[in-house]
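Student: Please pick one part of this model and walk me through it closely. Then tell me how the rest of the chain looks around it.

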Amino acid sequence: MYKVFFGIAMMAILSVSSAQKKQLDNADLLANKLPKNFINSLPFVVKWLDDESVILRQRVHPDSAQKNYVMDVKTGKLTEATADQMKGAVPPTKSVSVKNNDLFFKNGSVEKQITFDKTEEKNPTFSPDSNYIAYTKGNDLYTYNLSTNKENRLTTDGTTTTLNGFASWVYWEEIFGRGTRYRAFWWNPNSKQLAYMHFDESMVPMFPIYNSEGQRGFVEETRYPKAGERNPEVKVGFVSAEGGATTWADFNDKDDQYFGWPIWREDGSSLLVQWINRGQDHLKIFDVSPSNGSKKIMYEEEQKTWVDLEDKAGGRISFLKTKPAFILESDKTGWNHLYLHNNNGTLINPITSGNFTVLSVLLTDEKNSLVYFTARAKENTARVDLYSVKMNGTDMKRLTFGDYQHQVSLSPNGKNFITTYSNTQTPTKVALFDTKGKLVRELGDAKGTDLDNYALAKTELIRIKSADGLFDLPAMVTWPTNMDPNKKYPLLVSIYGGPNAGTVMDGWKWNPNQQFYAQEGMIQVAFDHRASGHFGKAGVNYMHRNLGYWEMEDYMTMAKWFIEKGQADPTKICITGFSYGGYMSAYALTYGSSVFTHGMAGGSVVDWKLYDSHYTEKFMDTPAENPEGYKSGNVLTYVDKYKGMLQIVHGTMDDNVHMQNSIQLISALEDKGKDFEFMLYPGGRHGWGGSKGVHFSNLKTKFIYKYLLEKPVPKGALR
């Protein structure tokens, strides 16, 4: 599911309490007019050139323009970056682009058109030696030989439902990730061969998406498998860069299965293919021969709930360069960790272990047998830290410092790192450290000289005990300015809510909009539930066959905490979100209506039978296997309980969460005689910008003033 978050941003604000300090003017907040020395701009890392030099984009004076500078780590000296340094030590001489549906190849300063037809070329990708360009066209796979100036057609059966090297919708959206742009072909490191996937989606039901433009409009057809429906049949093949017969991998394309993003061994001798069953609880990684398609299992993992396959575009396995081994990520223990394996797949040893979540490997230093990685801090799950550990799993060290949230950029060989760090009480700072813990130099501080002169709304990270006592649930709350302990305030809850998709992190950012609402007298809060990622895969597993229930139980507990403390007005408890957050908002006004009184729901799922197969079934299994779970998680099941006021918003051409969801909810509410608000955005997909984005922002502002603040929208509050 595409993770879009359209709620009022829950940014952390510096806490000050002195009544003697000045108050920011509301009109200035709306216009984003702040004192000159209120907040300083900060440098950010463009890239490291080597361990001793890094390119930073920054201002050398508060009134100067931002530019790219090379900083000498030892001296701190800045010199303006050259064009070659911005591109790399050796700038690429060859590039390819798509213009007017054709390919243009550029070598140095000379550019020439190399394809001449009406069909658009997609995803042009150089071979590793840059002698070929591979691309798809009309759902067939092609290469262009730059030495012979010849186009080679590698497949010939491409149609509207037969796709070669171009991913089917559900693979692009849920498995490979949107950043892959539907690409489903992979160059062998030897540049002589490609692996690709062949999709037959003729059996996948078509979902019509209506566009209202023009006199008659038109229908956009998408092959979209919903929960329990047939998926595309997929084959993995190997073909020469010059064309010829495809060698198919030894899989049965008629099996109910999924394939993940494959990975070539560095010598090109075999392709690692990730395979998982339709139930998504049994992962196998096969070593596949490109010469004859034979396969053997290299790694296997089963879990009682599910094994994640998606968004692992080459990230699950990383091969070592100096010995026949690889590092693998897995959350099989209930926490995501690193494991060292021999190249044949046998486990050597766990590299990390414990009740914390490894996020990403930044560097594997094979010479010193060290792995540098980021993880949710062992001390506070709302913070990220940098660590190192020996490959044998010993001598794990925290390299970052203090009670801060860190965003780290590590130098190429792990000698130094730059951290951008903060917490709710500390404005963001940037500093350069070496990995032995020594501060090399401070690089920036967001706190301006004028900031302490102003009374800002207090923001803090708090923990609220779950109703069953098992979890300390995190919430980021911004309190009303000059809060009266004897007064109850409207509560605005911004959430996303999906599995392993928490939004509460202990960092500082300036947000004039949030300060404005604090002065208007509103408690603003972001909630994360037990399955949001703070408590590892063990916490996320609560969602198995049960989407909606535990998230809402935790959200209700957290909202009631504010009510029971006498801070929140129980008649004005509003929740807002988009996509999964829209589902949660609609669910809150039905299942959770004993607590939540108002909601703003955008792009919402309302019935999991209406969402796609891969995402939904991973958590819920199929509707036939789990009818009670689908009923429990269905907003429509609880329409009789609906009360309060829900704003429903949807884009008419949403190809991810179909507008069908909101239409079915609206129909059910109308049949029950319920009141609600509805706005559609013609042509809108799963999110929209431009003038419609402005209209959407204003729509939410008007809702807040009408139902929560109960006063006219002030001048300047609308965009």
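Tutor: Let's start with strand β38 (residues 489-494), which pairs with strand β40 (residues 568-578) in the parallel sense over five bridges. Strands here are DSSP runs of E with at least two residues, helices are runs of H or I with at least four, and both are numbered from the N terminus; two strands count as paired if DSSP finds at least two bridges between them. Before going on: this is a predicted model, where local features need pLDDT of at least 70 and side-chain atom pairs count only at pLDDT 80 or more, while totals for chains, interfaces and linings use all residues. Residues are numbered from 1 along each chain as its sequence is written, and side-chain values use heavy atoms, with hydrogens and water left out.

Back to β38. Its residue L492 has C574 of β40 as bridge partner. β38 also runs parallel to strand β39 (residues 523-527), joined to it by four bridges, and here S494 is partnered by A526 of β39. To get from β38 to β39 the chain passes through helix α4 (residues 512-520), making a right-handed β-α-β crossover (with the strands pointing away from the viewer, the path from the first strand over the helix to the second runs clockwise). Six of the six residues of β38 are buried, so the strand is largely enclosed by the rest of the structure (buried is under 20% relative accessible area, exposed over 50%, partly exposed in between, with a 1.4 Å probe and protein chains only).

Among the buried ones are H614, E617 and K618. Their cover includes α3 (169-176), β19 (257-259), α7 (580-588) and α9 (627-632).

Now for a sheet with antiparallel pairing: four strands form an open one in the order β1-β2-β3-β4. β1 (44-50) and β4 (78-80) are the edge strands with a single partner each, so one side of each has no neighbour in the sheet. From one strand to the next the twist averages 30 degrees. Strand β3 (residues 67-72) and β4 run antiparallel and share three bridges, with V70 opposite T79 of β4.

V54 belongs to strand β2 (residues 53-58). V54 has 0% relative accessibility, which is why it counts as buried. Beyond its neighbours within four places in sequence, V54 is in contact with V45, K47, W48, L49, Y69, V70, M71 and I418 (contact is heavy atoms within 4.5 Å). From V54 to A81 the C-alpha distance is 9.8 Å, over 27 residues of sequence.

Zooming out, the protein chain has eleven helices and 43 strands. Of its 719 residues, 57% count as buried. Among contacts with a separation of 6 or more, 59% link residues 24 or more positions apart. The C-alpha atoms fill a box of roughly 80 × 70 × 55 Å along the principal axes. For 719 residues a compact globule would have a radius of gyration near 27 Å, and the chain's 27 Å agrees with that (taken over C-alpha atoms; the rule is 2.2 Å times the number of residues to the power 0.38).

Definitions and conventions:
Axes are lines fitted to C-alpha atoms, for helices over the stretch in contact, and angles run from 0 to 180 degrees between N-to-C directions.
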